[in-house]
Amino acid sequence: MTLLPIADRELRVAARKRSTFWLRLVAALVALTLGSGFLVLSLLFGKGVVQLGGGLFSTLTWLSLAVALGAGLFFTSDSLSEEKREGTLGLLFLTDLRGYDVVLGKLLATSLRGGYALLAIFPVLAITFLLGGVTGGQFWRTVLAIVNALFFSLALGLFVSTFSRDSQRALAGTLGLLVVFLAAGPLADAGIAEARGRAFAPLWSLASPGFAFVEAGSSRGRFWSALGVNQLCAWLLLAWASWRAPRAWQDKPAQLSPQRLRWEHWWKYGG
């Protein structure tokens, strides 16, 4: 029997999509355009090569982080909920498939486009390491932080998708939870530090992929703790989604009152 048969099917479908090719091409073009723009500015204004490398590295890494965090919103938040709407999720579990087969298969397939986009940016990002202003440790830690953010976002989207049927609600739920993971921990630690009159000590911040990305540029040693907690949270979300998936196909759409239906229709389409 093929290991993760859903992954084999989904990867073949994803590889043939035009968006897989175009997303990779657009990501490479954006990175090349930014790199060329920084080089032209350095020649016009006489800025040093080291300053050029640091500025280009910051710009490309923050852009890559935004792409990685947005992958869960657009690639996985509606992956299982779409199967529920079409009535095909229950058919998958009539075979000998398990929840982890479906969840990991969807994860591998949806990570293809995001992974290709990051792979297209990383070679241009490596040029900043050669220009100077970026250490080897900072470069590799930042790359790990971006890949970690991609994996975390995809896992979060799959988790929300097992609880949703509507694509808009799945997208909104994924966005809400992503904002909570990104900002709630650092805000809580900052509030605790302010209330107790002491220096900032990360505790809840370790669960934030944004905090791991910021700490990748420092040598204080908190990056590895944040990376480990992020991975633990992501795998727990995947485990929960794997447990929930075989039971999710029986979910039925909520029966809304006529007044709420009219309100939602007005909100989406106007009067």
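1. D189 lies in helix α8; helices (H or I, at least four residues) and strands (E, at least two) are DSSP runs, numbered from the N terminus. D189 has a relative accessible area of 3% and is therefore buried. Buried means under 20% relative accessible area, exposed over 50%, and partly exposed in between, with a 1.4 Å probe and protein chains only. Around D189, leaving aside neighbours within four places in sequence, the contacts are F200, A201, P202, L203, W204 and S205. Contact means heavy atoms within 4.5 Å. D189 and W204 are 15 residues apart in sequence, and their C-alpha atoms are 6.4 Å apart in space.

2. A word on the basis. This is a predicted model, where local features need pLDDT of at least 70, side-chain atom pairs count only at pLDDT 80 or more, and totals for chains, interfaces and linings use all residues. Residues are numbered from 1 along each chain as its sequence is written, and side-chain values use heavy atoms, with hydrogens and water left out.

3. Next, the overall make-up. The chain has eleven helices and zero strands. Read from the N terminus, its elements run α-α-α-α-α-α-α-α-α-α-α. The chain holds 271 residues, and 43% of them count as buried. Among contacts with a separation of 6 or more, 75% are between residues 24 or more positions apart.

4. Which residues touch the most other members of the largest nonpolar core? They are V103, L125 and L238, in a core of 51 residues. A nonpolar core is a set of buried Ala, Val, Leu, Ile, Met, Phe, Trp, Tyr and Cys residues joined through side-chain atoms within 4.5 Å. The elements giving two or more residues to this core are α2 (18–45), α3 (49–76), α5 (89–92), α6 (99–131), α7 and α10 (222–248). The most comes from α7, with 14 residues. As for L125, it touches F57, L60, T61, F139 and V143, not counting residues up to four places away in sequence.

5. L150 lies in helix α7. Its relative accessible area is 9%, so L150 is buried. Beyond its neighbours within four places in sequence, L150 is in contact with A68, A71, G114, G115 and L118. L150 and L69 are 81 residues apart along the chain, yet 5.8 Å separates their C-alpha atoms.

6. Now the pairing of α7 and α8. Helix α7 covers residues 136–161 and helix α8 residues 167–196; their axes come within 9 Å and cross at roughly 135 degrees. Axes are lines fitted to C-alpha atoms, for helices over the stretch in contact, and angles run from 0 to 180 degrees between N-to-C directions. The two helices are therefore oblique to each other. Angles under 35 degrees count as roughly parallel, over 145 as roughly antiparallel, 65 to 115 as roughly perpendicular, and the rest as oblique. On the α7 side, F152, L156, G157, F159 and V160 meet A170, G173, T174, L177, L178 and F181 in α8. By class, this contact has eight nonpolar, three polar and no charged residues. Ala, Val, Leu, Ile, Met, Phe, Trp, Tyr, Cys and Pro count as nonpolar, Asp, Glu, Lys and Arg as charged, and the others, Gly among them, as polar.

7. T174 lies in helix α8. Is T174 buried or exposed? T174 counts as buried because its relative accessibility is 1%. Setting aside neighbours within four places in sequence, T174 is in contact with G72, L73, S77, L156, G157 and V160.

8. Helix α4 spans residues 79–86, and S79, L80, S81, E83 and K84 in it are buried. Just after α4, G87 takes a positive phi of about 75 degrees. The axes of α4 and α6 come within 10 Å and cross at roughly 120 degrees. That angle makes α4 oblique to α6. S79, L80 and E83 in α4 meet V102, V103 and K106 in α6. By class, the contact of α4 with α6 has three nonpolar, one polar and two charged residues.

9. L108 is found in helix α6. With a relative accessible area of 38%, L108 is partly exposed. L108 and A14 are 94 residues apart in sequence and 9.9 Å apart in space, C-alpha to C-alpha.
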